[in-house]
There are 2 protein chains.
Amino acid sequence: MSTTPTVYDVAERSGVSIATVSRVYRNPDSVRETTRERVLAAARELGYVPSGNARGLASRSTGVLGLCFPDYSDPDTETEAAAADADDDHAFMLYSDQIIRGMERAARRHGYALLIAASLKGGPESLVAKVAGRVDGFAVLARTVPTEDLDVISRRLPVVMLAGPRENDELDHLDHIEVANADGQRELTRHLIEDHGLRRLVFVGGSKASPDAEARFRGFQEACRAAGLPVREEPDLRTEMMTQAEGERATDALLDRAGEESGDGGPGGGTVPEAMIFANDQMAVGALHALDRRGVRVPDDVAVTGFDGIPLSRLVRPALTTVRQPMRQLGEEAVELLVRRLGEERDGEPVSLMLPVTVARRASCGCGER
Amino acid sequence: MSTTPTVYDVAERSGVSIATVSRVYRNPDSVRETTRERVLAAARELGYVPSGNARGLASRSTGVLGLCFPDYSDPDTETEAAAADADDDHAFMLYSDQIIRGMERAARRHGYALLIAASLKGGPESLVAKVAGRVDGFAVLARTVPTEDLDVISRRLPVVMLAGPRENDELDHLDHIEVANADGQRELTRHLIEDHGLRRLVFVGGSKASPDAEARFRGFQEACRAAGLPVREEPDLRTEMMTQAEGERATDALLDRAGEESGDGGPGGGTVPEAMIFANDQMAVGALHALDRRGVRVPDDVAVTGFDGIPLSRLVRPALTTVRQPMRQLGEEAVELLVRRLGEERDGEPVSLMLPVTVARRASCGCGER
DNA sequence: GCCTACTGTGAATGCGCTTTCAATCCGGTT
DNA sequence: AACCGGATTGAAAGCGCATTCACAGTAGGC
């Protein structure tokens with residue numbers, strides 16, 4: 001590893017010019033076979049590997065696409081987490097993992113590599129500079145990068161925003177891909193109401209800061225309205241995090257509340273819900289635990305639904321009825337869009353895709369096997 | 001996006017030289033505050049983002065680490081898989097996902113970004129060139145990159161090999177991190193023998209091509225030898241793939257065989273095993289299905305164990321006793337090692353780490369909750 | 001009021017490769 | 001034997017930034 005060989009070394013050793021060496025790698029057919037062999041042999045002997053940087057600099061393109069996503073987990077809990085191997089942590093990760101996987105695959109198909117970087121909350125623009133400067137284009141999970149930075153960067157290279165609604169008008173020139181949260185929740189709710197004849201529904205949402213959760217709640221509202229059920233202004237319960245633990249807690253809270261109310265004489269055994277609708281799978285799984293613990297049977301006593309379609313959702317018993325999010329596809333679409341932006345459609349109207357979701361009817365609502 | 005601004009543009013606009021612009025980004029404190037502000041303002045107005053390529057070229061380092069791992073899934077099954085969302089596929093991915101996650105985190109801690117690239121089987125050196133040229137160092141999952149290429153590349157930048165034993169002598173100058181497969185399986189087997197008093201064990205391994213599976217089998221052999229049990233030369237059964245489906249099939253085969261043998265009068269109810277030991281969790285989970293189907297109770301009638309500690313392993317019922325592989329840690333260690341190689345310990349004896357594993361005693365062997 | 005010691009900044013060079021543009025080579029022609 | 005068109009190859013000019021090295025200011029010290 002004394003001094004890394006360059007085109008010059010290879011050129012000298014094989015008795016050609018550096019231009020020819022370059023051509024051997026870039027466009028092999030334009031070099032006579034005998035020459036090519038000679039160059040490749042020299043390269044092999046020298047241990048030559050073309051410098052991506054020099055290549056990129058000279059050709060003004062890196063062949064790399066990027067992805068910025070939120071940090072996996074709290075740095076604080078890191079040491080404990082390593083041992084504890086927390087469930088929530090695991091499930092959370094799948095979210096971005098799926099996107100990574102989708103992007104990686106699509107990127108490879110187009111001959112790109114994938115650069116990934118999680119943004120730590122505090123870290124300012126180091127992330128941005130690091131990634132933005134080394135890629136031909138990249139995708140950002142909503143709320144990962146400060147709007148201001150995005151604004152600057154998007155002037156230099158294509159950026160596509162993933163999930164979450166357009167944040168504000170400043171960024172509406174960016175391409176954007178989201179998932180049909182509202183549609184999915186509406187359809188799922190409709191299913192519960194019409195196909196299962198359930199009426200007393202409760203919706204457990206996340207914080208207002210989660211655009212996904214909010215969109216889902218809107219879908220819920222729409223379904224209620226369409227069915228002529230009372231439409232509430234707010235979720236029956238909000239949680240700060242959308243974790244299993246919170247879902248469990250929320251369930252306890254709801255059932256306790258219902259118990260008290262029916263205890264003091266509600267209207268006809270009253271307020272115990274027939275269906276508990278959670279804004280994501282994590283919470284729904286937590287709810288299943290809580291219900292199991294309290295001896296409430298699912299779906300016989302109460303139906304439970306989630307949202308996301310994480311793998312865990314169909315491993316639990318009863319398998320969770322949910323809305324499957326095409327996260328992998330989201331990643332793939334992001335790449336397709338970027339590639340298009342890097343090709344013919346350099347400019348052109350900003351695109352805004354909404355990926356369709358599908359309702360997975362499983363046991364926890366009374367459908368499916370078991 | 002007409003023409004992307006460069007240092008020159010920023011320099012001109014802010015009335016300084018390009019050297020000063022560069023300093024503002026590289027070493028802000030060396031520039032007077034008023035000047036710095038002026039430069040940053042100009043940069044913002046212009047939408048300037050430093051070119052990672054130019055930076056890397058000039059400073060001979062990229063600030064990026066790489067990871068090469070095997071392709072996620074068959075390209076053939078891609079379209080079906082998207083819909084089918086195959087379980088095996090999912091679980092397999094977790095393997096590399098965990099490593100990615102570990103590397104990403106550690107890399108970020110050290111100020112590096114992570115470049116990932118799955119290697120397609122056919123693709124020749126494109127992968128190598130693509131990644132190797134753009135990173136300061138990288139990790140390779142065993143058998144992902146042709147030995148020959150690795151040899152060339154490792155002369156240019158640090159490479160650490162993950163999992164799998166050293167392949168052969170040619171590569172023994174590479175750093176190498178593996179997981180204590182044999183130790184783990186030995187300890188797990190010892191547990192079954194000594195703590196549960198089980199004697200009639202069967203081991204289901206994978207193909208000989210899997211070094212991990214082979215190492216695990218060795219651990220099994222050692223435990224048998226230590227306990228004075230008969231030591232077999234080969235696993236009781238080998239499967240081609242190590243999937244759930246195969247595990248299920250293998251289980252059927254074993255039980256059918258045992259049934260026949262005891263049917264024709266084996267010695268005392270004889271050859272039905274007391275414990276079925278699988279070389280990985282996937283197969284063990286498949287086995288649980290098969291056993292459930294056949295009405296064989298676990299762990300009462302037979303104990304079952306896996307290896308890997310995939311999340312699924314503790315979601316199944318009964319929860320699977322297994323050996324937990326620290327994949328995330330593996331990723332982190334890889335980065336630590338690379339960083340060290342890029343720092344003080346540029347050269348020095350090749351390191352070979354073996355990460356300790358821990359046995360997770362759960363219900364499927366008769367331990368644990370439930 | 002001249003000299004030393006810094007602090008900030010600019011000029012210039014090169015990192016390793018791609019990419020015209022032009023020169024050279026080749027076999028076949030006239 | 002001079003000539004021609006395409007196939008190969010070379011020469012040279014950057015790509016955008018980091019980094020000496022040297023040079024202006026500016027203080028502080030005598």
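In the predicted model, local features need pLDDT of at least 70 and side-chain atom pairs count only at pLDDT 80 or more, whereas totals for chains, interfaces and linings use all residues. Residues are numbered from 1 along each chain as its sequence is written, and chains are lettered from A and ligands numbered from 1 in the order in which they are written.

Chain A contains 13 helices and 12 strands; helices (H or I, at least four residues) and strands (E, at least two) are DSSP runs, numbered from the N terminus. Of the 370 residues in chain A, 49% are buried. A residue is buried if 20 or more other C-beta atoms lie within 10 Å of its own, exposed if 12 or fewer, and partly exposed in between, with C-beta atoms placed from the backbone. Among contacts in chain A between residues at least 6 apart in sequence, 70% join residues at least 24 apart; two residues are in contact if their C-beta atoms, placed from the backbone, lie within 7 Å.

DNA strand C is surrounded by 28 residues, the closest being Val7(A), Ser22(A), Ala54(A), Ala58(A) and Ser17(B). A residue is near a strand if its C-beta atom, placed from the backbone, lies within 6 Å of it. Two or more residues of this surface come from each of α2 (18–26) and α4 (52–59) of chain A, and likewise from each of α2 (18–26) and α4 (52–59) of chain B. The element that gives the most is α2(A), with six residues. The surface near DNA strand C comprises 14 nonpolar, nine polar and five charged residues. Here Ala, Val, Leu, Ile, Met, Phe, Trp, Tyr, Cys and Pro count as nonpolar, Asp, Glu, Lys and Arg as charged, and the others, Gly among them, as polar.

Between the two chains, 48 residues of chain A are in contact with 47 residues of chain B. On the side of chain A that touches chain B, the elements giving two or more residues are α4, α6 (87–109), β2 (113–119), α7 (126–132) and α8 (147–153) of chain A. The largest share, eight residues, belongs to α6(A). This side of chain A has 25 nonpolar, 11 polar and 12 charged residues. Strands β2(A) and β2(B) (residues 113–119 of chain B) run antiparallel and are joined by three bridges; two strands pair if DSSP finds at least two bridges between them. Ile116(A) stands opposite Leu114(B) in β2(B).

Within chain B, the axes of α2(B) and α3(B) (residues 33–46) come within 10 Å and cross at roughly 95°. Axes are lines fitted to C-alpha atoms, for helices over the stretch in contact, and angles run from 0 to 180 degrees between N-to-C directions. The two helices are therefore roughly perpendicular to each other; angles under 35 degrees count as roughly parallel, over 145 as roughly antiparallel, 65 to 115 as roughly perpendicular and the rest as oblique. Thr20(B), Val21(B) and Val24(B) of α2(B) meet Thr35(B), Arg36(B), Val39(B) and Leu40(B) of α3(B).

Backbone geometry was also examined. Most residues other than glycine have a negative phi, and most peptide bonds are trans. The peptide bond from Val298(B) to Pro299(B) is cis, with omega near 5°. Asp308(B), not a glycine, has a positive phi of about 135°, and counts as buried, with 27 C-beta neighbours inside 10 Å.
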